[in-house]
Amino acid sequence: SRKWRVKPTVLDLGDGVSIGGSSLAICAGPCSIESEAQMEKVMDHLVANGVRLMRGGVFKPRSSPYAFRGLGLEGLRDFHRMARARGLKIVTEVMQVSQVEEMHDFVDVFQVGARNTQNFNLLDALGGVDKPVLLKRGISGSIEELLSSAEYVFSGGNEKLILCERGIRTFETASRNTLDLNAVPILKAKSHLPVIVDPSHGIGIREYVPTMALAGVMAGADGIVYETHETPETAASDGAQTLDFDESARLIRNLRRVYQLR
Ligand code: PEP
Ligand code: MN
């Protein structure tokens, strides 16, 4: 809470990469890690555009059990090796307590997905690690519930937290979720933690992702996390909300421009 700590938290990931404070954190990458060839393409794109944070799931929470569920630990080891060789930091989702230890040495930021925001055992386990946790807002979770979930990790001793607005479920069916940009200034006022926006899951429609990303920055976000892939139409998951590299490069330029206007 801001009542307890007024100064905004800045998370230093090392090698000149940080989240929060007086810079905009840009984190991009595929929904799912698919192959070394896929990662190489994405990494080349990120490095060429000066992006140092790469997202990508190896454990995927899928609505259908028959959908692609990720490459698992083996994929994470490849992800880590390739990212390290290129100076990139890794953000990837942890789904259960037993994975925390297995994944620990290959991760820079643990992501807790919207389906696990109130997995209190997982939050307790992450309270005991020394790595940042990117905590997504639950699909039907309130702002207060997100903050309470953050408190679980915090009270366990891990104060390295990032709050993420990724859209909530409402009556609206025109978009995948309803990106609640109201949450950004409210979270910033209530908490000293960095707040980031995920416009990909937030709206779910590729052509509108850049607009909502830029709106997130103007709403006061400390960073943006979004999905990109060389060929979104062949992506193993979330292709419909994934930017190709041209769209992604344009967005990166515009994010930096808009951030300057703040
Ligand atoms: C993701 O980041 O690919 C993801 C599954 O996100 P969320 O938990 O917000 O649905
Ligand atoms: Mn996704």
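Predicted model: local features only at pLDDT ≥ 70, side-chain atom pairs only at ≥ 80, totals over all residues.
Local features need pLDDT of at least 70 and side-chain atom pairs count only at pLDDT 80 or more, while totals for chains, interfaces and linings use all residues. Residues are numbered from 1 along each chain as its sequence is written, with chains lettered from A and ligands numbered from 1 in the order in which they are written.

The chain has nine helices and 10 strands (DSSP runs numbered from the N terminus, with H or I over at least four residues for helices and E over at least two for strands). Its radius of gyration, 17 Å, is close to the 18 Å that the globule rule gives for 262 residues, so the chain is as compact as a globular protein of that length (the radius is taken over C-alpha atoms, and the rule is 2.2 Å times the number of residues to the power 0.38). Along the principal axes, the C-alpha atoms fill a box of roughly 45 × 40 × 40 Å. Of the 262 residues, 50% count as buried, meaning that 20 or more other C-beta atoms, placed from the backbone, lie within 10 Å of the residue's own.

Turning to the barrel, eight strands close in the order 3-4-5-6-7-8-9-10, with parallel pairing (two strands pair if DSSP finds at least two bridges between them).

Technical notes. Buried ≥ 20, exposed ≤ 12 C-beta atoms within 10 Å, placed from the backbone.
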